[in-house]
Amino acid sequence: MAFILYLVLILVFTKVAGDLAVRLGQPAVLGKLIVGVILGPAVLGWIPSDSSFIHEMSEIGVLLLMFIAGLETDLEQLRRNWKSALAVAVGGIILPFIGGFAVAEVFGFSNSSALFMGVIFSATSVSISAQVLKDMNKLNSREGTTILGAAVVDDVLVVILLAVMMSLLGSGADVSLGLLIGKKVLFFAVIIVAGWLIVPRFIKIFAPLRVTEATISAALIICFAFAYFAEIMGMAGIIGSFAAGIAISQTSFKHTVEEKLEPIAYSIFVPVFFVSIGLNVSFDGVGQQIAFLIVLSLVAIVSKWIGGGLGARLTGFNNHSSIAIGAGMISRGEVALIIAATGLEAGLLEPEYFTSVIIMVILTTLVAPPLLKYLFREPAVIKEN
């Protein structure tokens, strides 16, 4: 029953830390992320980083978090900003890739490891940014929808980039780029058709069933089915759950699902996800790599910030909004953690640098919430040129 104790610790500490963060003028999510570092191996060691229970609960948590973000996304606003989202994603890949490669070269990495570091830098996970934007009622702002749209594009491009690198560097010679791209195209074709034709009919058929909470069960079936389909098609599951949220947001069940799902998500699953990120931090062996860690983290933050911001600026956003959008792309989150683990297994990331890379990923995730809080403060940055 150790997992029950873990759950008690997570729920108590995340709620208290979240409240404290808000009282100090910071987003609640920042306090929850820090709790993961404190409870994990880095400080107190009360919760192990390799708990399968925590991992699986956190997977559900991030899927629900992005599902809710999809529910609350203004699809029309997303359509209007697709060019900006594409530009932000591309800018947020090119500059970080160059930055990651350059840092690795300076510190004596091999060419293959340096290229792989560029891929890690290119990743983006806006699940944390989405939570901050939601808390500040900016999820449906022009900036908010651009950040969410850019994250979807970024995920597709980084997965393709990762496959190309693995193939070129000899760790995945059997990868077919045509097949890979074909699966991405098929994924979007299927979820668009399913979201338009199947989701509304499925939920209308399921909702009247004479069982408890049939509507919310139907929504969760759609959420998890879309996420699973995304995973088997080589995409991040959060893209599938985000798409499921958008699909249901176009039905008359949107508000019912939103009202009943949020208590489920935020009372237990989402706090576990926030804590799970901090659990990955360990300071073992970092003392000899302080300079590397500082440079790595600074370049990771600045390159993504500038790259995403430039993409926004070139597509019509004013300076302030561009800076805010760039900040929303900084967090590498669970996407970069997965890529780093993949590189370690493939021999493209040296084991002695793995901890420093993980800490860099966590630092980018910790930096994003206060930056967004500051940049999206009132008066709101919703001015368009």
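A: Let us begin with the kinds of residue around an open space: in this predicted model, the lining of the second largest pocket divides into 20 nonpolar, 6 polar and 2 charged residues. The second largest pocket itself has a volume of about 780 Å³, and of the 28 residues that line it, L75, L78, I191, I192 and I246 are the closest to its centre.

Q: Which helix gives the largest share of the lining of the second largest pocket?

A: Helix 9 does, with 8 residues, and the elements that give two or more residues to this lining are helix 4 (75-80), helix 5, helix 8, helix 9 and helix 11.

Q: How much space lies in the largest pocket, and which residues lie nearest its centre?

A: The largest pocket holds about 1000 Å³ of space, and among its 42 lining residues those nearest the centre are E231, E334, V335, I338 and I339. Helix 8 supplies the largest share of this lining, 7 residues, while the lining as a whole divides into 22 nonpolar, 13 polar and 7 charged residues.

Q: How many cavities of 30 Å³ or more does a search of the whole structure find, and what lines the largest cavity?

A: The search finds 2 such cavities. The largest cavity, with a volume of about 80 Å³, is lined by M66, T124, S125, V126, L148, A151, V152, D155, I238, I239, F242 and V335, and helix 8 gives the most to that lining, with 4 residues. The second largest cavity has a volume of about 30 Å³ and a lining made of L65, I68, A69, A130, Q131, K134, L139 and Y266, to which helix 3 and helix 7 (127-135) each give two or more residues.

Q: How should I read the packing of two helices?

A: Two packed helices are described by the angle between their axes and the distance between those axes. Here the axes of helix 5 (residues 82-106) and helix 6 (residues 111-122) come within 7 Å and cross at roughly 145°, and the crossing of helix 5 with helix 6 is right-handed.

Q: Which residues of helix 5 and helix 6 meet?

A: From helix 5, the residues include G92, I93, P96 and F97, and from helix 6 they include N111, A114, L115 and M117. Taken together, the residues of the contact of helix 5 with helix 6 divide into 10 nonpolar, 6 polar and 1 charged.

Terms used. Residues are numbered from 1 along each chain as its sequence is written. This is a predicted model: local features need pLDDT of at least 70, side-chain atom pairs count only at pLDDT 80 or more; totals for chains, interfaces and linings use all residues. Side-chain values use heavy atoms; hydrogens and water are left out. Axes are lines fitted to C-alpha atoms, for helices over the stretch in contact, and angles run from 0 to 180 degrees between N-to-C directions. A crossing is left-handed if the near helix is turned anticlockwise from the far one by less than a right angle, and right-handed if clockwise. Contact means heavy atoms within 4.5 Å. Ala, Val, Leu, Ile, Met, Phe, Trp, Tyr, Cys and Pro count as nonpolar, Asp, Glu, Lys and Arg as charged, and the others, Gly among them, as polar. On a 1 Å grid over the protein atoms alone, a cavity is a set of points where a 1.4 Å probe fits but cannot get out, and a pocket is an open set with protein on both sides within 12 Å along at least five of seven lines; lining residues have an atom within 4 Å of a point. Grid points are joined across faces, edges and corners, and a volume is the space filled by probe spheres set on the points.
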